[in-house]
Amino acid sequence: MRPYSCWCNACSRVRGRGYGTAMGWWGTLEVPGCARSKLTVWKEGHFTVEPKVGIVRRAQRMDETVATALLMVKPDSWGCVQSHDLWSTEEKKFMRPGHHWLFKFGDAGDGTSCEKKFNLTRCTWEDYKGTQFYNGQQALVVERWLNRVEQDASGLTFKEWNPTQDADASQPPVAMLINSLELRAAGFTLRDVIPPALEAAARGGRHRYGAGLRQL
């Protein structure tokens with residue numbers, strides 16, 4: 001770590017011991033080519049390398065996350081999935097590490113949200129309603145998806161997505177389901193927010209309390 005933040009060309013190339021640094025006093029790493037004065041010292045911290053780090057450990061963490069979330073899955077509860085693509089071009093400004101989508105679980109017809117659980121042989125997969133599934137994974141029913149509200153730059157305000165809006169009539173409708181592999185959380189609550197304009201219209205400008213309109 002460094003006591004100051006210098007990002008000159010010399011400092012930006014430093015990754016620790018080795019090329020670009022020289023050992024100084026008290027375990028410090030000096031950057032001889034630093035373009036700024038008094039910002040030429042790095043201090044190497046202590047870290048431990050564990051045998052479980054890496055891709056194998058990450059896969060284990062993901063399995064544990066999914067297993068924990070599946071315990072909270074039920075109709076009418078909210079869920080969160082990892083997203084790998086943009087929902088639309090308007091969503092690009094919300095992209096950040098851990099980008100996700102929110103949705104409400106639906107009923108598969110038996111009181112659960114699991115429409116199908118896949119029992120397949122190793123290294124085989126099945127295409128079910130346009131989604132790829134492997135052994136042990138579940139097709140979870142989605143009642144409705146939420147889109148981020150463009151006016152909230154934090155990406156923490158959502159509105160319901162209308163699946164019929166801008167739909168391509170030449171293509172089959174989007175299957176309202178997800179692969180349990182992408183599940184990251186379930187069973188949390190969301191706070192219902194009424195836009196100020198709708199709330200004022202509902203109250204008529206006279207009442208302190210009243211029902212809120214969903215649309216004008």
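Guide: Let's start with pLDDT, which is the predictor's confidence in each residue, from 0 to 100. This is a predicted model, where local features need pLDDT of at least 70, side-chain atom pairs count only at pLDDT 80 or more, and totals for chains, interfaces and linings use all residues. Residues are numbered from 1 along each chain as its sequence is written, and side-chain values use heavy atoms, with hydrogens and water left out.

Visitor: Where in the protein is confidence lowest, and where is it highest?

Guide: Strand E1 (residues 22-23) has the lowest, a mean of 50, and strand E6 the highest, at 96. Strands here are DSSP runs of E, at least two residues, numbered from the N terminus. Over residues 207-216 the pLDDT is below 50. Where pLDDT is low, the predicted coordinates should not be read in detail.

Visitor: What makes strand E9 largely enclosed by the rest of the structure?

Guide: Buried means under 20% relative accessible area (exposed is over 50%, partly exposed in between; 1.4 Å probe, protein chains only). Nine of the 11 residues of E9 (residues 138-148) are buried, so E9 counts as largely enclosed.

Visitor: Why are E5 and E9 called paired?

Guide: Two strands pair if DSSP finds at least two bridges between them. E5 (residues 100-105) and E9 have four, so they pair, and they run antiparallel. Leu102 sits opposite Leu146 in E9.

Visitor: Which strand does E9 pair with over three bridges?

Guide: One of them is E6 (residues 114-117), antiparallel to E9, with Cys114 opposite Leu140. E11 (residues 177-179) also pairs antiparallel with E9 over three bridges, and Val141 stands opposite Leu177 there.

Notes:
Contact means heavy atoms within 4.5 Å.
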